[in-house]
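This report takes up helix packing, the sheet and the aromatic pairs in turn. The sequence and the model come before the discussion.

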Amino acid sequence: MITFDGEWGLAMRLENTPVFPRNAALGCISDNTLIEAYGQEVARELREIGAHVNFAPDADVNTNPENPVIHVRSFGENPKTVAEKVIAYGRGLETGGILSVSKHFPGHGDTAEDSHYTLPAVHHDRARLDSVELLPFKRYIYDGYAGVMTGHLYVPALDKARNKPVSMSRAVVTDLLQKELGFRGLCFTDALAMKGATTRKSDNPSVMALLAGNDILLAPAAPINDFAAVKEALEEGILDREEIEAKIIKILQYKYIAGLNDYRPVETKGLSERLNS
């Protein structure tokens, strides 16, 4: 199952591919069928290169003008507008045969720091989170899309454990996202090599992320060490074997949904022409 980080299409990561506007510009479009059509075109291009999952749409509500990392990646500062665009883009991707993953749960919009380099804090109470940050995610979950990516954020209203990223929090990933909001799809972490994912030295980030309830762990800094740590945690009963097996079954189900039961290799001849059509 090949994943791709293409919020504004292939050009986010690959040169010589079609360039689309950032979400801040797309948020100004009133006709959401255009956003859906755009999602379908991004899906077509992703299928052409052999990808199955896109880490998009960005569902962050950009309410902080000092935000150094979300900014133009957000559809805007109005939660309802962001929700509408997220739904339209997600629908375009999924009707186009690509699994969509909204991010960065529970909302990275109102931070003045970048989780690539530190652990940003979101200090709003639950009522504000429900009406602003969580609103696009609730709509996306209600409409039944495939994936949600948890962010490396400290949100004391959701988990009071000091400087604990919500991506490592069972109270957030399992209790809030899966149980309270009813999300049944794939839970991805943001990249575990990011500084915002750093936990206490004694804790293995991959083990902590699985304990929190995530299904797929992205970009661990030390994959060989983490694999050994996860295996050891399973053998010692720290990780529940039935929970891990349930995650595996869920991942296999989504691989089936993505069409991997009928795998077809990429046709590289003429690929550039088909992408830049």
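Helix 7 (residues 205-212) and helix 8 (residues 223-235) pack with their axes 8 Å apart and at an angle of about 50 degrees; axes are lines fitted to C-alpha atoms, for helices over the stretch in contact, and angles run from 0 to 180 degrees between N-to-C directions. The two helices are therefore oblique to each other, given that angles under 35 degrees count as roughly parallel, over 145 as roughly antiparallel, 65 to 115 as roughly perpendicular and the rest as oblique. Their contact (heavy atoms within 4.5 Å) is made by P205, S206, V207 and L210 of helix 7 and by D226, A229, V230 and A233 of helix 8. Helices (H or I, at least four residues) and strands (E, at least two) are DSSP runs, numbered from the N terminus.

This is a predicted model, in which local features need pLDDT of at least 70 and side-chain atom pairs count only at pLDDT 80 or more, while totals for chains, interfaces and linings use all residues. Residues are numbered from 1 along each chain as its sequence is written, and side-chain values use heavy atoms, with hydrogens and water left out.

An open sheet of five strands has the order 1-2-3-4-5 with parallel pairing, where two strands pair if DSSP finds at least two bridges between them. Strand 1 (3-4) and strand 5 (186-189) stand at the edges with a single partner strand each, so one side of each is left without a neighbour in the sheet. Strand 1 pairs with strand 2 (residues 53-54) over two bridges, and T3 has V53 as its bridge partner in strand 2. Helix 3 (residues 79-95) lies across strand 2 and strand 3 (99-105), at about 150 degrees to strand 3, whereas helix 5 (residues 135-142) lies across strand 3 and strand 4 (147-150), at about 155 degrees to strand 3.

A search of the whole structure finds five aromatic pairs; rings of Phe, Tyr and Trp (its six-membered ring) pair if their centres lie within 6.5 Å, and planes under 30 degrees apart count as stacked, over 60 as edge-to-face and the rest as tilted. Two of these pairs are tabulated here.

| Pair | Centre to centre | Angle between planes | Type |
|---|---|---|---|
| F105 and F137 | 5.2 Å | 85 degrees | edge-to-face |
| Y140 and Y145 | 4.9 Å | 25 degrees | stacked |

F105 lies in strand 3 and F137 in helix 5, so their pair ties together parts that are 32 residues apart in sequence. F105 is buried, with a relative accessible area of 0%, where buried means under 20%, exposed over 50% and partly exposed in between (1.4 Å probe, protein chains only).
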